[in-house]
Amino acid sequence: MARRLAVLIVIFFAIGHVWAQSHSPVAMVVEPYQKNSEIKQKGSISVSIPIHRTDRALFFVSPNYSYLRLSETLPFTENHFYRIALPFGYQYKMNKRWYAAIFLAPALSSDFNSFSFSYITWLTWLRFNYHRTNQFNCSLGILYAYRFSNYLLIPTFGCNWSITSKFTLSTNFPFRIRLKFALNPNMRTGFFFYNDQFYSKITGNQNYDYIRCYEQNLGLFFDLKMIKKWWFTIEAGYSPI
């Protein structure tokens, strides 16, 4: 795809950390792109709902709706695509330092001009977290996904490292890197890099079965705490792919 500039606007409600992992029960995202981009707009809304919680275990579901609008210059007539997902996960505290988590995320992704079970995709993710100190924790995992006749197996590595009282590095390889600088308790800024993909079935087209929209974005972000635990984030990024 052509190079493009994207602006990401996020409003989310944060409750801090759940077992050393950042957790946002409510998130709304809108991503407008520059005029000559093949991607015109993306967006999503998600809600994380705890079902069962104890001192050692957490079970939750996280319904998610996302959409993708493409340029009309692409070689198929439909340019609006949607995804409805129902991820759920289970996290368990094994001891003082180790935590385990498993996630399953079935989804329907299509232009939804009709309905078929062939629109279903899914992924599973097994992850182990090691909490060394309040300043550093890391995770190792394996992700297995199905995307319209394609199967993906991806190892993952993540960490949250408070380098100083102001700088924090958060990573989830191979998907996201985020270096954060705290201006004050209510404002944060920094750099980000992330890989993102959007798969969707195409109906009624003899030449194309599905689309795969792949991006790599590098840019700046700014977080502003609005009221209580509500945060507003704006990101401006450049995508060479």
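**Exercise 1. Classify Tyr-210 by its accessibility, then describe its aromatic pair.**

Step 1. Tyr-210 has 28% relative accessibility and counts as partly exposed. Buried means under 20% relative accessible area, exposed over 50%, and partly exposed in between (1.4 Å probe, protein chains only). The model is predicted: local features need pLDDT of at least 70, side-chain atom pairs count only at pLDDT 80 or more, and totals for chains, interfaces and linings use all residues. Residues are numbered from 1 along each chain as its sequence is written, and side-chain values use heavy atoms, without hydrogens and water.

Step 2. Phe-148 is buried, at 3% relative accessible area.

Step 3. Phe-148 and Tyr-210 make a tilted pair, 5.5 Å centre to centre with 35° between the planes. Rings of Phe, Tyr and Trp (its six-membered ring) pair if their centres lie within 6.5 Å; planes under 30 degrees apart are stacked, over 60 edge-to-face, the rest tilted.

**Exercise 2. Classify the pair of Phe-112 and Tyr-119.**

Step 1. The whole structure holds 17 aromatic pairs. In this one, the ring centres of Phe-112 and Tyr-119 are 6.2 Å apart and the planes stand at 85°, so the pair is edge-to-face.

Step 2. Phe-112 is partly exposed at 29% relative accessible area. Tyr-119 is buried at 3%.

**Exercise 3. Which ring lies under the charged end of Arg-178?**

Solution. The ring is that of Phe-221, with the charged end 3.5 Å from its centre. A charge sits over a ring if NZ of Lys or CZ of Arg is within 6 Å of the ring centre and within 35 degrees of the ring normal.
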